Amino acid sequence: MRINPTNRLERGRPVRLSDGRQRHFLFTGAQPALPIYVESIGYNPEQESIDREEGYPCFHWLETVSGEGIVEVAGQRLTLPPHTGILLYPHIKHSYRKASDEWSTSYITFDGSQAAPMVTSLGFRHSEWFKWEQEASELSGHLTRMLVAIETADDRSGLDASSGLYRFLLLLKKYGQVSSGSSLFQHMERLNPLLAWLDSNYSDPAVGLPEMADQLNVSARYLNMLFRKAFGMTAYTYLIQLRLSKAKELISGLERKPIMQIAQEVGYRDASHFISVFRKAEGMTPEQFRKLH
């Protein structure tokens with residue numbers, strides 16, 4: 001991955017991936033002090049074959065720009081056509097090579113004290129293959145936009161690159177589809193009509209899991225699957241959190257409404273039940289919360 005400095009781009013010139021030039025930036029200096037930082041980023045118009053017995057020392061993302069490649073990792077052989085990429089964990093044996101006459105790629109490698117915790121918190125717990133829809137231009141063009149920013153600015157601190165990396169990982173979480181599964185974005189699109197309905201109907205105490213499932217004409221089990229994929233929680237847990245969020249807005253508001261009234265306005269018939277749910281979630285009563293605000 002590391003190449004001679006002479007292969008790097010001249011500062012101040014715009015990035016045009018169609019011009020066929022290789023790009024590579026290797027960051028040094030203060031970056032390791034950041035919780036998550038870019039070690040290198042680049043574009044290879046003619047990706048060479050790579051065979052790493054000991055893996056790469058940092059997290060390594062590789063995506064296809066054009067053509068097709070083959071990646072071998074963890075005993076699997078995976079193809080990498082356009083709109084696909086692979087996130088490789090550090091020190092994992094892997095190799096890749098072109099599977100077509102031409103194979104161009106973009107890549108980014110990163111590390112930092114919070115790199116592993118962040119990657120795992122996003123649900124990427126091992127080396128993983130991703131695909132995304134062509135419409136997901138935010139993800140497809142993000143590394144190119146990072147290259148433009150890096151080439152046209154003097155980011156000696158590495159903060160801009162680190163910010164771009166953080167954004168990239170969130171876009172991968174949003175649009176990336178693992179294997180044959182759907183992306184978070186696709187799950188959210190499926191749920192959006194229900195979420196909008198809940199924003200207007202959370203105050204109705206009759207609303208529960210069956211009513212929520214009816215809004216999308218799906219089973220309660222399937223609805224919970226969608227919510228777990230999108231939010232990491234069940235549909236009813238989401239509703240409880242929505243009600244509590246609205247309750248906290250009212251409790252800390254200027255009107256100083258009675259707790260019993262607030263309970264009713266966020267969908268609880270019984271104020272004592274509301275107080276119990278609130279205490280369990282927040283570790284304090286609604287009145288104690290009010291005193292803090």
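These notebook entries record what I looked up in the structure above.

**Basis.** I worked from a predicted model, in which local features need pLDDT of at least 70, side-chain atom pairs count only at pLDDT 80 or more, and totals for chains, interfaces and linings use all residues. Residues are numbered from 1 along each chain as its sequence is written, and side-chain values use heavy atoms, with hydrogens and water left out.

**Entry 1: the largest core.** I looked up the largest nonpolar core, which has 32 residues. Such a core is a set of buried Ala, Val, Leu, Ile, Met, Phe, Trp, Tyr and Cys residues joined through side-chain atoms within 4.5 Å. Buried stands for under 20% relative accessible area, exposed for over 50%, and partly exposed for what lies in between (1.4 Å probe, protein chains only). Leu191, Leu194, Leu198, Met212, Leu223, Phe227 and Phe274 touch the most other members. Among the elements that give two or more residues to this core are helix H5 (184-201), helix H8 (235-251) and helix H10 (271-282). H8 gives the most, with seven residues. Helices (H or I, at least four residues) and strands (E, at least two) are DSSP runs, numbered from the N terminus.

**Entry 2: H8 against H10.** I noted that the axes of these helices come within 11 Å and cross at roughly 95°. Axes are lines fitted to C-alpha atoms, for helices over the stretch in contact, and angles run from 0 to 180 degrees between N-to-C directions. H8 and H10 are therefore roughly perpendicular to each other, a term for angles of 65 to 115 degrees. Ile240, Leu244, Ala247, Lys248 and Ile251 of H8 meet Phe274, Val277, Phe278, Ala281 and Glu282 of H10. Contact means heavy atoms within 4.5 Å.

**Entry 3: Gln177.** I found Gln177 in strand S9 (residues 177-178). Gln177 counts as buried, at 5% relative accessibility. The side chain of Gln177 makes a polar contact with the side chain of Glu133 (3.1 Å). A polar contact is a pair of N or O atoms within 3.5 Å; within protein, one must be able to donate a hydrogen and the other to accept it, and residues adjacent in sequence count only if both atoms are side-chain atoms.

**Entry 4: positive phi.** Most residues other than glycine have a negative phi. I noted a positive value, near 65°, for His91, and one near 55° for Arg256. His91 lies in the loop between strand S6 (84-88) and strand S7 (94-111), and is exposed at 54%. Arg256 lies in the loop between H8 and H9, and is partly exposed at 43%.

Terms used:
Angles under 35 degrees count as roughly parallel, over 145 as roughly antiparallel, 65 to 115 as roughly perpendicular and the rest as oblique.
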